[in-house]
Every structure is written in C-alpha cells, then in structure tokens.
Amino acid sequence: MSSISRGNVKMAIAALKSTKWRSMFTMLGVIIGVVSVVTVVGVGEGIKYQVGGQINQLGRDLITIRPGKLVNRGSGGGITGVNLFTTTTSGGTLTQEDLARVRQTKGVRLAVPLGLVNATAQDGAGHATSLPIVASTSDLPGVLNQSVTTGGFFSADTTGQPYVAVLGSNAAEELFHQGAPLGRSFQLMGQTFFVQGVFNQFDTNPLSLTTDFNDAIFIPYSTAQLLTNNNTQLYEVLAKPTDPNQTTAEVHAISKTLTQAYQGQQQFTVLSQNESLMVTNNILDLLTKLIAGVAAISLLVGGIGIMDVMLVSVSERMHEIGIRKALGATNRQILEQFLIESTVLSLAGGLIGIVISLFIDYLLHVFTPLTPIISWQAVVIATIVSFLVGIIFGSVPAIKAARKDPIDALRNE
Amino acid sequence: MGVIIELQDVSKLYGFGDATTLALDEVNLSIEQNEFVAIMGPSGCGKSTLMNIIGLLDRPTHGEYKFNGRSAAKLSPDKRAKIRRDTIGFIFQSYNLLPRLTVLENVALPLAYKGMSLTRRLKLASNMLERVGLQDREYYYPRQLSGGQVQCVAIARALVNDPKLIIADEPTGNLDSASSRLVMELLGEIHKTGSGTILFVTHNPELTRYANRVVYMRDGSIMQDETTMFGEVAATALKQMYSIPETTVEDDLEGVSALMKAVPQKAAERTQPSAQKKKKTSKKSTRKTKARKRSTRV
C-alpha cells in the first residue's frame, strides 16, 4: 500500500504543478491562516516568557500591595476571578499607616513604599524630561533583588543630605547621555539633586502594569514627603517575607491585617509574584485566544478555498477519473488520490506558513520590543491542523470523484 | 476451451419515458477463450455499449451477463474494478492516455492499482513497451508521439496486466491506414503469441482479415455472426466492401485528414530542397526584371 501512496504523492505534486498558479493561490488561504495563528500565539508566548523572566528576577517571594480590588479571592484564599477593568490607581489609596501595618505584620522581613511624585526633572541644559519620579526607601534594592552598578543606593537616613537620587539605566542615558553620571546633578522641584548611583538594567516586558524602573528616577521617600508636604501618592508597597517558602501564607496575613484595619471598608490587592504571573497570564491567554480564534477563521476560509478548487479540479478531470477507473482503480484508490492532492496542497501551505511566521517573528524580534517565541508545539499543531484541513475539506471533492460512474466519467471529455 | 463471455438476452436502455432509446436489444452472444472477434456495424448500432457491458464498465438493464463463468450482476463496483484491473485490457479509439504522465508511467498505471512496487511495475512496463517497439520513447509524453505510436502505447498499457480479454473499441478509428495496419498487426501478433481473447470494433471491412470471427450489428441487435479464416476478409464484409460505396461526406473528410496527416512528413523532406531552389530562381528572376528595367531606361 505504501508504494501506491508514494506514487500518489508524486502524482499529486505533478498534478498540482501543472496548475501552478491555481495551486499557489489556493495555498495562500492556508498560508495566511497559519501565519496569523502562529504569529499571534508566538507573540503571546513571548510576552508571557518576558513577564515570567521579570518575575524571576524580582524574586518569587516578592509581595505587592496595591489599592483597589484587582482579584476576587475565595474563602480559601485562592484567586477566583480577575477584575480586568480595575486599574492600578483607582479604588482608594495606600497610606503611611498601611506601610507601617505591613511592616509590623509577623513574618515580613522588608517592606518598601513606592510613591509617585508628580514633578518634572530637568537635565543639565535645563530641558524638561518626562521621566517618572519614584520615591522609596533604602531597602528597595534588597526587595527588588537588584544591585546598583555604579555608585550606591541612598542610605536609610538621608536627613543630612536629602537631595540625592539613583537612576534607572535609561534615565541616566536620557538625562546625562552617559551610563555612569556619578556626582552630576539635575533640577527637580527647585532643588538640585546629585546622582548617587545607577541601577543595573531591569528585565521588562511590554505589557508591564508597573512603571518601567529603567526609566525611573529614584529619590528617598523622606525627601519626597519633604517636597510634597507629606502628600506623596503611595501607589504600591512591596514586601518580602522572612521565609520565602511562606509567601502564600504571608500574602494572606498581610491581606488580613489590612482588611481588619479598615473593617473591610477599603479594598486592597495583595499579590505574590506567582499570583500576579497568573493574573497576567490569564489576561494574556484570553487576548491570545481571542485573536488566534479570529485568525483561525482565515484558516477555515483557506480550507473552503481548497474545497472549491478541488471540486473544480474533479470536474475538470472527470475524463481522467474515467480512464483510471477503466484501468481498474477502485473507488478507494480514486478517493485516496484526490485526498492526497488536497492534503499536499494544505500541508504545503501550512509548512510555507510556518516558515513565513518564523521570518515575521524574527523581524518582530529585531524591530520591536516583542520577543515572540514559536514553540515546537505550535509548529507541530500548525502542521497537524493544516493536514486535517486538507483531509476534511478535500473529502467532499474526493468522495464526489470516487463515486462517479466509470462510463459517465469516460464520456466526459 | 472455456467460454469467457456469455450474454443472454442482454438489453440496455438509456433515458426515461419518451426519451428512452434502446441501445441493445436482447443480445445473445457467447465468446470462447482465445477467439479474435471483430465487431462491425454502423455508428449508433450499440457496439460501444456492448463493449462497455462486456468490459464491466457498464451494467445491462435486462438480461444476464456472465464473465468468466461469474454473473456480473452480483459484482460490487470494487470487485468490477479489480476484475478490470486483473483480467481486462482496454484500448480506446481516442487512446485515453493520461497526458501528464510519461509513456512509461502510463503503461505502468494499471500495475499501480494492483499495489506492485514502483521498480517492478516500471520494469514490467518497460518490457511491454519493448514488445510494442517503443522502448526508446519511454520518457516521452503522449503529446510528443504520433497517433499510431500513442495507440501502441495504449496497447502496451492494455497488455501490461497480462489480461485474459482485450477490448479494443475502434482502435484504428483515428489512425491513417499505415498506422492502422501497424496496430492491427500488433494485435494479431499478440493473439498468436498469447492466449488472450481479443474483441475489437471496426468500421473497416479490410481489417476483418485479422479476426477469426466477425459479428455484425445493426440497431442494437446482432444481425450475423460468421467464422472466417485468419488472413481473409470476411465474406459479408467483402460484399459490403464491393457493394455501393456508402461513404458519407464525413468519411471523405476523414480520408482527407488522414491524407493530410500522412503527407506533410514525407512531403516536407522532399519539398525542402526544392523550396530553396525556388527561392534562388525567384531571386534570379527579380534580377532579370531589374536588368530589364535598366535596359528600358537606357
């Protein structure tokens, strides 16, 4: 049987080659379908990977506390739902007292505030920049698992010299056009700040919910309070537990402390990194599935295109079918011949589509911050799907060809 | 010798109601193994329908057909296909080779449906092409061959399965007389060397000399069935030959087109040098006329 099939594949390719343009345009439907699905899934996977990388860098035991209710928790403490439309800033604020409460919760090793200062930093030449100003405390590098490459982070007590700053790597470039502008100064809210250090590059992802730390200017929290008359907006508290293995328990403990403090009047979102990874992945999966679903419709349309062309091909080749039947081809062998033809068509389309999407992903990688990942699973699934498209949509024309009466088919010139 | 084909009161009707036409009218025919039968008759007398039924391509409307002792009515389409594949070889008037396959692949095609390995079937096909004298044309496509050669390829294809029965429906219908003779000689030789039964339809009484039995048909019935000697034109056919020539305009046109096909090749060889001569002479003549013109001026 295998020798027939091999001959049939050769014959199918010859038949498809004889109508080169038609075959090419027929394949186009499948190619477009495969390219769009594979690319969308690849981009989604890439973003997920980037988010995961960022979280790994920050440490799996990092706990974030944000105002607002981003997730619903069941009685057991597990996440039961995600409120997609809650942004990070809406739904109340965090206060200094909240920070103190988190610090006092049993098992919390470190807790740092992240405050946003609405101000514009001016570079040496007096040009305004749009860099975000983040106010925090000296424990920040420890909490973020990030070191300062050049210089050092500001100390716990900055009362002696309050106007110091540490820069994200991109911010250093933007302000001073150099990587290590130690000791240089810039203007912020009428004060001259001295650069004390520059952070290592943070891993980032394009869909990050938080500020990109690479762009940020970090100033001491006390300085921010001083400049804003104790009105610094505290948008996030980051905490680390004493025992990394107790992160989940710690999330519950902090959540409980805060809820008790406000008697349930205020909503907070306390998330471990695993959970925020889950939340991000949930959102990403939803988006990816949605877009891939739309893209899959083009694959369906491609399949219908194959069916159309094969139907035309069967009527055109009625005489050939007649000859083959007269020579002793059984219905099954005729069916096989046309199924192989449609499958070769759609499989070739699928493979070309995979090659094109690899190329597109390479271009995306080079020219955009996206780093799409095409997994071997995606390739295998795309191949199998295009194979199935050929079988499914090729079956109607193939059955039509197989059932044709030999005499009727022979008379058909 | 066993009976290979047995038809009992076989009728074939086409269409429904008022449009019904009777292609075969209660035909009884029995053909034994190793016979070489010519079937003659005017167009539309049911010859092709009879061939299709005998070749298991079509089913009779009424009557019983036994092929090789088995009732054809009980055979499933797949079983019929397998019998066609293993025991029947078809030769058509319009050759019916697949244009996209090479000559060799065309001949090997029936073997492919048998499930034979590629190398073996190509070898067998090659042997068969050698037998019909076309081994040097193996990798040609049908469109690159002449009509006679294409029909020889078709014969090779019909023979490749070593069939018990060869059905040739007007094998020489599209061929000039030289190619017709070539094709019929080939069939005659096959009949001599093999043990196959050959059934062929023809309009040409001359060709009945290859057969040992001639069946005459008219309006769906068998009018006469006579046994003849090999190499002799059947008596009835002979009568037909020398009676009032019933040639129509179409027959004349066919003859002309056959001539046209036959002539150019030979004519082209002969005419080419003479054409060059003509050119030369015409040049001379133009010179002469120019000279004359000059002379008239002077």
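This is a predicted model: local features need pLDDT of at least 70, side-chain atom pairs count only at pLDDT 80 or more; totals for chains, interfaces and linings use all residues.
Chain A has 413 residues, of which 41% count as buried. Its secondary structure comprises 12 helices and 13 strands.

Two loop residues of chain A were examined in turn. Thr105(A) sits in the loop between helix H3 (96–104) and strand S4 (108–117) of chain A. This residue counts as partly exposed, because it has 18 C-beta neighbours inside 10 Å. A residue would need 20 or more such neighbours to count as buried. Beyond residues up to four places away in sequence, Thr105(A) touches Ala253(A), Ile254(A) and Thr257(A). The pair Thr105(A) and Thr257(A) is separated by 152 residues in sequence. In space, their C-alpha atoms are 7.2 Å apart.

Ala128(A) occupies the loop between strand S5 (121–122) and strand S6 (133–136) of chain A. Ala128(A) has 10 C-beta neighbours inside 10 Å and therefore counts as exposed. The cut-off for this class is 12 or fewer. Neighbours within four places in sequence aside, Ala128(A) is in contact with Thr120(A) and Gln122(A). Arg324(A) lies 196 residues from Ala128(A) in sequence. The C-alpha atoms of Ala128(A) and Arg324(A) are 81 Å apart.

The two chains meet through 20 residues of chain B and 19 residues of chain A. On the chain B side, the elements that give two or more residues are helix H2 (77–87) and helix H3 (103–112). H2(B) gives the most, with 6 residues. By residue type, this side of chain B divides into 10 nonpolar, 4 polar and 6 charged.

H3(B) also packs within its own chain. Its axis comes within 7 Å of that of helix H5 (residues 147–159) of chain B, and the two cross at roughly 30 degrees. This angle makes H3(B) roughly parallel to H5(B), since angles under 35 degrees fall in that class. The crossing of H3(B) and H5(B) is right-handed. From H3(B), the contact draws on Val103(B), Asn106(B), Val107(B), Leu109(B) and Pro110(B). From H5(B), Val153(B), Ala156(B) and Arg157(B) take part. The residues of this contact between H3(B) and H5(B) comprise 6 nonpolar, 1 polar and 1 charged.

Chain B also contains an open sheet of 6 strands with mixed pairing. The strand order is S6-S7-S8-S3-S9-S10. Strand S6 (88–91) and strand S10 (221–227) of chain B form the edges, each pairing on one side only. Neighbouring strands of this sheet are turned against each other by 15 degrees on average, direction ignored. Strand S3 (residues 36–40) and strand S9 (residues 213–218) of chain B run parallel and are joined by 4 bridges. Met40(B) stands opposite Tyr216(B) in S9(B).

Helices lie across strands of this sheet. Helix H1 (residues 47–54) of chain B lies across S3, strand S7 (165–168), strand S8 (197–201) and S9 of chain B. H1(B) runs at about 155 degrees to S8(B). H5(B) lies across S6 and S7 of chain B. The angle of H5(B) to S6(B) is about 170 degrees.

Technical notes. Residues are numbered from 1 along each chain as its sequence is written. Chains are lettered from A and ligands numbered from 1 in the order in which they are written. Two residues are in contact if their C-beta atoms, placed from the backbone, lie within 7 Å. Ala, Val, Leu, Ile, Met, Phe, Trp, Tyr, Cys and Pro count as nonpolar, Asp, Glu, Lys and Arg as charged, and the others, Gly among them, as polar. Axes are lines fitted to C-alpha atoms, for helices over the stretch in contact, and angles run from 0 to 180 degrees between N-to-C directions. Angles under 35 degrees count as roughly parallel, over 145 as roughly antiparallel, 65 to 115 as roughly perpendicular and the rest as oblique. A crossing is left-handed if the near helix is turned anticlockwise from the far one by less than a right angle, and right-handed if clockwise. Two strands pair if DSSP finds at least two bridges between them.
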